[in-house]
Amino acid sequence: MKEATGSHPASDAAKEAARLAVEQLLAFGVRRKLLEPLDCFAARNALLELLQLGEPYAGGEVKETDADSPAELLELLLDYAAAAGILEDDNTTLRDLLDAKMMGCLMPRPSEVASRFWSTAKRDSVERATGEFYRMCIDSNYIRMDRIAKNQYWLASTEYGDLEITVNLSKPEKDPKEIALLKSAPQSHYPKCLLCIENMGYAGRLNHPARQNLRVIPLELDGEPWYFQYSPYVYYNEHSIIFDREHRPMKTSRQTFYRLLDFIDQFPHYFIGSNADLPIVGGSILNHDHFQGGRHCFPMEKAPVEGSLTHPGFPNVKLGIVKWPMSVIRMSGHNKLQLLKLAETILTAWQAYSDPEHDIYAYTEQDGAKAPHNTITPIARSNASGEYELDLVLRNNRTSDEHPDGIFHPHRNLHHIKKENIGLIEVMGLAVLPGRLKDEMELLAQVLTGSLPLDGAITSNPEHPLHKHLSWIDELIAAHGNRLAPEAAQSLLQTAIGEKFSDVLRDAGVYKRTEKGREGFLTFIRTFGFQ
């Protein structure tokens, strides 16, 4: 094996530091049970080859690091690779590709991970199995906790309870050179999308992440093969993805509800939900059927049910409207088949339901065909009484001249905070807001303390980051002035953003929280026999 050479030959000291880091990384892997001591020989040689190091560390006993993450060691090795010319360019994309490849050298085979998971689930509990699997995904640096820790998070008190607010800072921004490289990157249709099983072990490319450190757990839902994995950018505890083995589009149907409850039977400590299956109201990936789950109690789950409705044909099912800015029907009971039948009844009724008084139309004519607009975002869990619990969120994706982005979508006056689709996570009360808000909030706080004047540099310059917020700034100053203490300004902005997110959810609700809206909602529920 040749040592690293080229335009930037590494010094002997740099090589020795890299060799030491390789040994410490191997020790970390053994300690975290990513690999056994016997596996270290092969893993060491694979890492030495990647880093073009001809021989291993020979400096005597290796002092093992007690770090909870391999991130620091990987950064050292990536810096070495950049300095030695192993990386074509020292940018985030290429570093991430090599990062995953290095950790892939330490990973057990996929079948070993799956076997260990189900053995633990059978011997101990599925709760322990998911806990160990989640820990492995963090230890392998597949879940980048070092980046996720940068996200901002707070609770915002509203009339619907405490909403969760996150500003997403975990996905690194690409610099101009990386963007230029992406434009010239060769196109590929393998894997077909980011959710396909073929991603496991994939080397990645400039426009597709490396996944040598990805592992998944096979399971069956409704008698069909599906897979369970964790999201690399977790937005909540044990944020998981459950995806179909086949690359086929999202479709909400009776099978969707059955799969959700089937998953709850196997993972009773998790919730599971699905994005809607139509554009605007759906998620970011509509071409591969999948769910999201995890171990987290969202604000919507804590929201109470307003009143209870009954139906003689469903005597063992409780049903009511959730006190929530979106239009949510909650049903619960021990009888799985009754819940499935009722969920299908509601979906079928909603898909064909129009209510012009509330701007709801099930279909419109587009190019001589009927375009569907009504669908449902479903969420399933096991509740405190041990019952199956299903939340069905009514969605409609119609647009208009006044609201070209969606009638039941954040309206334009809220786009300065949130313009993106309202998917499953937001529906349940956790805002995932764009990273730009971090810097903008800091500037806003300066305006509210008076240290940054609200002058022409902001008001007359559309390119200024605060220009989009001008109406909001005027409202805040009118109500609170611009001589606040820094801590008060920060607290005010967090509360105000929470109120904006509450407004976002109201816009997405098909039936508004008014007397007229409530009566319209009840009229729909009465169409399938509940009183």
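Where does Pro-191 lie? Pro-191 sits in the loop between α8 (176-184) and β3 (217-221). Helices (H or I, at least four residues) and strands (E, at least two) are DSSP runs, numbered from the N terminus. The model is predicted: local features need pLDDT of at least 70, side-chain atom pairs count only at pLDDT 80 or more, and totals for chains, interfaces and linings use all residues. Residues are numbered from 1 along each chain as its sequence is written, and side-chain values use heavy atoms, with hydrogens and water left out.

Most residues other than glycine have a negative phi, and most peptide bonds are trans. The bond from Tyr-190 to Pro-191 is cis, with omega near -15°. Gln-52, which is not a glycine, has a positive phi of about 55°. Gln-52 is found in the loop between α2 (40-50) and α3 (71-83). Its relative accessibility is 30%, so Gln-52 counts as partly exposed. Here buried means under 20% relative accessible area, exposed over 50%, and partly exposed in between (1.4 Å probe, protein chains only). Ile-280 also has a positive phi, near 75°. Ile-280 belongs to the loop between β6 (271-273) and β7 (290-294).

A disulfide is taken as a pair of cysteine sulfur atoms within 2.5 Å. The count is 0 disulfides. Cys-40 is in no disulfide; the nearest cysteine sulfur, in Cys-105, is 12 Å away. Cys-40 is buried, at 11% relative accessible area. For Cys-137, the closest cysteine sulfur is again that of Cys-105, but at 17 Å it is too far for a bond. Cys-137 is buried, with a relative accessible area of 1%.
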